[in-house]
Amino acid sequence: MIPANLKLVPPTAKEKHGRTASMHVAPEIIIYEHPNFNTGEGGGEGFEFRTNLAVAWIGDWNDRISSIIIVSGVWRFYNDAEFDVKSGHRDLEPGYYPNFKEFGDVISSFQPLYF
């Protein structure tokens, strides 16, 4: 279930950082509400969301992302909405992050940096 107030932002040409189309692989990420890539604990509700777009505000999911799979691209995660760096951010490369709560569980927006 995708919240109605989720704000998606497509990647810009600037984010390609000069790479050619033949080298281009779309960035992709999968986010989960619960640790260890679970969509629900004990049969409860939870979410899984797959995208290749920047998300400026994650609406009802704010501060609830607990595990992440970065399929491709380098992604920046912001503590504040609208890609605001005032409260901090972190950059992650492709990989499995089963317990994102280690980072403080404070994601409010994210975007791909490199393809």
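Reply: Helices (H or I, at least four residues) and strands (E, at least two) are DSSP runs, numbered from the N terminus. This is a predicted model, in which local features need pLDDT of at least 70 and side-chain atom pairs count only at pLDDT 80 or more, while totals for chains, interfaces and linings use all residues. Residues are numbered from 1 along each chain as its sequence is written, and side-chain values use heavy atoms, with hydrogens and water left out.

Me: What percentage of the residues of the protein count as buried?
Reply: Buried means under 20% relative accessible area, exposed over 50%, and partly exposed in between (1.4 Å probe, protein chains only). The accessible surface, from the Shrake-Rupley method with a 1.4 Å probe, comes to about 6,300 Å², of which 51% belongs to carbon and sulfur atoms. Of the 115 residues, the buried share is 40%.

Me: Which residues touch the most other members of the largest nonpolar core?
Reply: A nonpolar core is a set of buried Ala, Val, Leu, Ile, Met, Phe, Trp, Tyr and Cys residues joined through side-chain atoms within 4.5 Å. In soluble globular proteins, nonpolar side chains tend to be buried together. Of the 17 residues in the largest such core, those that touch the most other members are Ile31, Ile68, Phe77 and Phe110. The elements giving two or more residues to this core are β2 (28–32), β5 (67–72) and β6 (74–78), and the residues asked for are Ile31, Ile68, Phe77 and Phe110.

Me: What is the bridge partner of Phe77 in β7?
Reply: Two strands pair if DSSP finds at least two bridges between them, and 4 bridges join β6 to β7, which run antiparallel. Leaving aside residues up to four places away in sequence, Phe77 is in contact (heavy atoms within 4.5 Å) with several residues, among them Ile68, Arg90, Leu92 and Phe110. In β7 (residues 89–92), the covered face holds Arg90 and Leu92, whereas His89 and Asp91 are on the uncovered one. The bridge partner of Phe77 is Arg90.

Me: Which strands are the edge strands of the open sheet?
Reply: The open sheet is formed by 4 strands in the order β3-β2-β5-β8, with antiparallel pairing. An edge strand pairs on one side only, and this holds for β3 (48–51) and β8 (95–97). From one strand to the next, the twist averages 10 degrees, with axes being lines fitted to C-alpha atoms and angles running from 0 to 180 degrees between N-to-C directions. The edge strands are β3 and β8.

Me: Is Thr51 buried or exposed?
Reply: Thr51 is found in strand β3, where it is the bridge partner of Ile29. Among the residues that Thr51 touches beyond four places in sequence are Ile29, Trp75 and Phe110. Its side chain also reaches the backbone nitrogen of Leu53 at 2.9 Å, which is a polar contact: a pair of N or O atoms within 3.5 Å where, within protein, one must be able to donate a hydrogen and the other to accept it, and residues adjacent in sequence count only if both atoms are side-chain atoms. Because its relative accessible area is 9%, Thr51 is buried.

Me: What value is phi of Glu82 near?
Reply: Glu82 is found in the loop between β6 and β7 and is partly exposed at 45% relative accessibility. Phe37, in the loop between β2 and β3, has a positive phi near 65 degrees although it is a residue other than glycine. Phi of Glu82, likewise positive in a residue other than glycine, is near 60 degrees.
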